[in-house]
Amino acid sequence: FSDLNLIHSTTWKKIYVNLTEEDAIAIGAKYRIFIRAIKPANQEARIYLDNVRLLYLDYFFIVFTGIIETMGIVREIVKSPSGNHSFWIESSLSKELKVDQSVAHNGACLTVEQIEGNTYRVTAIPETLQKTTLSTLKTGDYINLERRMILGARIDGHLVQGHVDGVGTCTQSVQEGESWSFAFEYPAQLGHITVPKGSICV
């Protein structure tokens, strides 16, 4: 932060920053930290603070809506000796992604590691593979994709984390007019995750 006007207060252990809202967002995004842009008794400074808090939430509380944005195609799967599976996904979203961004793959949150043209790479560790259907993917399979939501935007679905609890089985599917009704069963140890009138990502 050598290019910023910083004054460090050892009493409160805070850093006071004189910078614009645009700079606050850019620095916060680069270093992934919570910047408090404060100027006492200044209305404009409180606006800065609110915006930077929004940035902080956007980085450290990754959430999705559960609404599929598009579908990708699995182009390559690389399995490591440690049990990790790296997936190369072809998608119309690839050119809009950035390394370290989070994307839900069939509901499971994975981090973008590399981007090449219209494909990108993500990796699932053994625990993720055990709790999701990602371990069953084959080259050429389609996969549901959703980018993390932007806080402050309209939410079309629900707030979900992309942390999958386990795999269930579809036991019945019935068409009802223009809709479909599905029945699922799941391991008994996951029973605590359901509540009457609650929602669940499938």
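Arginine 75 is partly exposed, because its relative accessible area is 42%, between the limits of 20% and 50%. This value, like the others here, is computed from a predicted model. The side chain of arginine 75 meets that of glutamate 90 in a salt bridge, with 2.5 Å from N to O. Arginine 75 belongs to strand S3 and glutamate 90 to strand S4 (residues 85-90), so the pair ties together parts that are 15 residues apart in sequence. Glutamate 90 also counts as partly exposed, because its relative accessibility is 25%.

That pair is one part of a wider set of contacts. Side chains of opposite charge can pair when their charged atoms come close. The count for this model comes to six salt bridges. One of them joins glutamate 69 to arginine 147, where the closest N and O atoms are 2.4 Å apart.

Arginine 147 has another partner. Its side chain and that of glutamate 96 meet in a salt bridge, at 2.8 Å from N to O. Here too the pair links distant parts of the chain: glutamate 96 lies in the loop between S4 and S5, arginine 147 lies in strand S9, and 51 residues separate them. Through shared partners, the salt bridges join Glu69, Glu96 and Arg147 into one network. Glutamate 96 is partly exposed, with 49% relative accessible area.

The protein chain has three helices and eleven strands. Read from the N terminus, the elements follow the order β-β-α-α-β-β-β-β-β-β-α-β-β-β. The chain has 202 residues, of which 26% count as buried.

Strand S9 also holds glutamate 146. What does a relative accessibility of 8% make glutamate 146, buried or exposed? Glutamate 146 counts as buried, because 8% is under the limit of 20%. The C-alpha atom of glutamate 146 is 8.2 Å from that of threonine 65, although the two residues are 81 residues apart along the chain.

S9 (residues 142-147) is also a partner of strand S5, to which three bridges join it; the two strands run antiparallel. In this pairing, leucine 145 of S9 stands opposite histidine 105. On its own, S5 (residues 102-105) is covered on both faces: Ser102 and Ala104 are buried on one side, Val103 and His105 on the other.

S5 has a further partner in strand S6 (residues 108-111), and the two pair in the antiparallel sense over four bridges. In S6, alanine 108 is the residue opposite histidine 105. The two strands form a hairpin with two residues between them, and asparagine 106 in the turn has a positive phi of about 50°.

Rolling a probe the size of a water molecule over the atoms shows where empty space is left. The largest pocket holds about 1500 Å³ of space. Its lining has 46 residues, and the closest to the pocket centre are Asn106, Val164, Ile200, Cys201 and Val202. S9, strand S10 (169-176) and S11 each supply at least two residues of this lining. Which strand gives the most to the lining? S9 does, with four residues.

Ile200 and Val202 are also members of a nonpolar patch on the surface, together with Trp180, Phe182 and Phe184. The accessible area of these residues together is about 590 Å². Tryptophan 180 is found in strand S11 (residues 179-185). With a relative accessibility of 48%, tryptophan 180 counts as partly exposed.

Terms used:
Residues numbered from 1 in each chain as written. Predicted model: local features only at pLDDT ≥ 70, side-chain atom pairs only at ≥ 80, totals over all residues. Heavy atoms only, no water. Patch = residues over 30% accessible without salt bridge, like charges linked within 9 Å, V, L, I, M, F, W, Y side chains within 5 Å. Areas by Shrake-Rupley, 256 points an atom, 1.4 Å probe, with all protein chains shown as cover. Salt bridge = Lys/Arg side-chain N within 4 Å of Asp/Glu carboxyl O. Buried < 20%, exposed > 50% of the residue type's maximum accessible area, 1.4 Å probe, protein only. Pairing = 2+ DSSP bridges. 1 Å grid on protein atoms, 1.4 Å probe; cavity = no way out; pocket = protein on both sides within 12 Å on 5 of 7 lines; lining within 4 Å. Points joined across faces, edges and corners; volume = space filled by probe spheres on them.
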